[in-house]
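Dear colleague,

I am handing over the structure we discussed, and I would be glad if you could look through it alongside the notes below.

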Amino acid sequence: MLYGVAGVAAFLVTEIGRSVYRPYIYETGINDLGIADSIGNLGGIVVQVMVSLAILNPRGRKAYNVIGFLVVGYIAYEFLQPHLPRGVFDWKDVYGTIIGAGVSIVVLLLIRALVRNNRVLVRF
């Protein structure tokens, strides 16, 4: 359940980033090191990982396999972009995916620590 909540929260943050942060950065011309450009991949991978973990509920190291599979899929898709209609390859999206994977791992570890240290949550 916590993975699902984290997925919904990540989705909301990603959409706020797309609809508020990105236009603001583009309008003001602030150099944010490409975060506005890659917010979809950065947040999207976190959403995808958390929703996948909520559905699959993998134990132990299998959660890292899920994360790895999704990251490889996102990066492979980015490399295939030039061969797809209207697709454009962007290194910033690759970096965003990798950073988002790191964020996903941190959230996974936080959720596991929260569950491990909370007797009420362990029952679920």
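What follows is a short account of the salt bridges and of a surface patch.

Please keep in mind that this is a predicted model. The structure holds 2 salt bridges, and I take them in turn.

In one of them the side chains of R18 and E15 meet, at 3.1 Å from N to O. Both residues belong to helix α1, which covers residues 2-28, and they are 3 residues apart there, about one turn of the helix. R18 has a relative accessibility of 37% and therefore counts as partly exposed, and E15, with a relative accessible area of 29%, is partly exposed as well.

The side chains of D37 and K92 also meet in a salt bridge, with 2.9 Å from N to O. Since D37 lies in helix α2 (residues 35-56) and K92 in helix α4, this pair ties together parts that are 55 residues apart in sequence. D37 counts as partly exposed at 28% relative accessibility, and K92 is partly exposed with a relative accessible area of 36%.

Turning to the surface, F79, W91, Y95, I98, I99 and V103 form a nonpolar patch, which together has about 600 Å² of accessible area. Helix α4, spanning residues 91-116, gives the most to this patch, with 5 residues.

With best regards

Terms used: Residues numbered from 1 in each chain as written. Predicted model: local features only at pLDDT ≥ 70, side-chain atom pairs only at ≥ 80, totals over all residues. Heavy atoms only, no water. Patch = residues over 30% accessible without salt bridge, like charges linked within 9 Å, V, L, I, M, F, W, Y side chains within 5 Å. Areas by Shrake-Rupley, 256 points an atom, 1.4 Å probe, with all protein chains shown as cover. Salt bridge = Lys/Arg side-chain N within 4 Å of Asp/Glu carboxyl O. Helix = DSSP H or I, 4+ residues; strand = E, 2+ residues; numbered from the N terminus. Buried < 20%, exposed > 50% of the residue type's maximum accessible area, 1.4 Å probe, protein only.
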